[in-house]
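Here are my notes for someone opening this entry for the first time. Have a look at the model, then go through the points below in order.

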Amino acid sequence: MFCTLRRDVLQQTSPSIYGSGVVGVALFEKHMNATDNPVLKIETLSSHGCRAIGPIFEIKDSSKNMLHKVCAVPSSSSTSASSSSKGYSGLYNAEMSAAGSLRYLFERATQMERDLMQKGQIFVGASCDAFDDNIDGDDNVVLGSILGVDGKDGNLALGMSNMIRPGQRFRYFIRDQMDARERLYRRLSAYKAKKLSQQLTFPDAIRGKDKDMSTGSPTAPSAPGSTYETIGVLMFVDALRGKALYRESDWESSQVKEFITGGCVPVSGIFTESEIGPIGLGSQKPTPTHVQSFSTTIAILSAKSPSSSSS
């Protein structure tokens with residue numbers, strides 16, 4: 001459903017309501033300059049709110065979005081080994097059905113984890129790199145929902161068909177409030193640190209005309225001679241987050257206001273079923289974009305200042 005006005009929600013005959021299809025917004029500047037010096041910039045951040053549980057699994061057999069056979073594998077990464085290797089040595093390299101791996105996990109889960117699993121608050125986190133086993137839930141993981149379980153054949157239907165292929169490694173994840181808070185905090189802190197670093201990299205920005213809303217310091221341009229200022233922030237938040245996760249209203253938006261805008265730039269957004277965004281913090285190079293679950297995707301809009309456009 002897409003509504004242009006709040007009152008449209010109460011009017012089912014409104015032309016602004018759509019029951020199917022896709023509604024998109026295109027931002028276009030007729031006299032836009034080269035891509036390295038655009039009139040409008042959009043930077044994106046993504047952060048999920050799940051904690052990894054159980055060992056790392058490798059897909060042995062799959063088709064489309066169906067997971068058939070898997071086996072647990074040891075981790076060669078020191079960061080993952082501490083949390084994924086304990087108590088699972090007897091399970092390694094033993095092939096089992098996908099549903100069997102979920103059953104194995106449920107039998108060894110805590111009561112709190114079982115409650116979340118029974119409520120459907122369990123996800124599959126697949127590594128973007130099939131050979132990367134550092135699946136601790138950071139920048140290299142795409143989260144997808146479990147759509148269904150085939151009790152007869154032991155298959156799992158996943159909401160991430162593009163990530164399901166033999167050799168792919170994954171872990172199970174459950175909803176976790178503290179993890180969600182910490183991950184979002186790290187994303188926003190890293191973004192702010194990157195902006196401060198850019199201010200030191202471009203000396204012209206130090207004496208620039210635009211100010212960072214949160215620090216009062218000049219903003220750093222993406223190209224020499226150009227200055228940008230943040231004009232707005234859009235948030236796309238999974239419907240299972242928000243107050244249902246944090247037990248308080250507007251927690252995420254308040255953090256975005258503090259770290260990115262300093263409370264001086266409008267922040268708006270919507271709740272969604274799935275989110276589209278890059279993995280990790282992003283960099284000067286393009287980052288992979290994926291459909292994710294239980295995540296928050298933040299779009300930061302910055303416009304070239306009038307003084308830069310005229311110079």
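**Notes on the model**

1. Let's start with helix α7. The buried residues of α7 are covered by, among others, β1 (40–48), α4 (177–201), β9 (228–238), α6 (243–246), β10 (267–272) and β13 (295–304). Helices here are DSSP runs of H or I with at least four residues, strands are runs of E with at least two, and both are numbered from the N terminus. "Buried" stands for under 20% relative accessible area, "exposed" for over 50%, and "partly exposed" for what falls in between (1.4 Å probe, protein chains only).

2. Before going further, a word on what you are looking at. This is a predicted model, in which local features need pLDDT of at least 70 and side-chain atom pairs count only at pLDDT 80 or more, while totals for chains, interfaces and linings use all residues. Numbering runs from 1 along each chain as its sequence is written, and side-chain values use heavy atoms, with hydrogens and water left out.

3. Back to α7, which spans residues 251–261: 8 of its 11 residues are buried. Those are W251, E252, S253, Q255, V256, F259, I260 and T261.

4. Which loop holds R247? R247 sits between α6 and α7, and its phi is positive, about 65 degrees, although it is not a glycine. K64 is another non-glycine with a positive phi, of about 55 degrees, and K64 belongs to the loop between β2 (50–63) and β3 (66–73). For background, most residues other than glycine have a negative phi. K64 is exposed at 74% relative accessible area, and R247 is exposed at 59%.

5. Now the overall picture. The chain has 8 helices and 13 strands, and 46% of its 311 residues are buried. Of the contacts (heavy atoms within 4.5 Å) with a separation of 6 or more, 68% are between residues 24 or more positions apart. The chain exposes about 16400 Å², with 54% of that supplied by carbon and sulfur atoms; the areas come from the Shrake-Rupley method with a 1.4 Å probe, and for residues only the protein chains shown count as cover.

6. What about the inside? A nonpolar core is a set of buried Ala, Val, Leu, Ile, Met, Phe, Trp, Tyr and Cys residues joined through side-chain atoms within 4.5 Å. The largest one has 29 residues, and L67, M160, F170 and Y172 touch the most other members. Two or more residues each come from β2, β3, α2 (98–107), α3 (111–118), β5 (122–127), β7 (155–158) and β8 (169–175). The top contributor is α2, with 4 residues. Another core lies apart from this one and has 23 residues, including C50, F123, F173 and A180.

7. M160 deserves a click of its own. Setting aside neighbours within four places in sequence, M160 contacts V124, A126, V142, L143 and G144.

8. On cysteines: how many disulfides does the rule give? With a disulfide taken as a pair of cysteine sulfur atoms within 2.5 Å, the count is 0. C50 is buried at 0% relative accessible area, and C71 is buried at 3%.

9. Charged pairs next. A salt bridge needs a side-chain nitrogen of Lys or Arg within 4 Å of a carboxyl oxygen of Asp or Glu, and the count comes to 10. One of them joins E43 and K194, whose closest N and O atoms are 4.0 Å apart. That pair links distant parts of the chain, E43 being in strand β1 and K194 in helix α4, 151 residues apart. E43 is buried at 16%, whereas K194 is partly exposed at 27%.

10. The loop that holds R247 has a salt bridge too: E248 meets R181 at 3.1 Å, N to O. E248 lies between α6 and α7 and R181 in helix α4, so the pair ties together parts 67 residues apart in sequence. E248 is partly exposed at 34%, while R181 is buried at 16%. Salt bridges with shared partners also join E43, K194 and K195 into one network.
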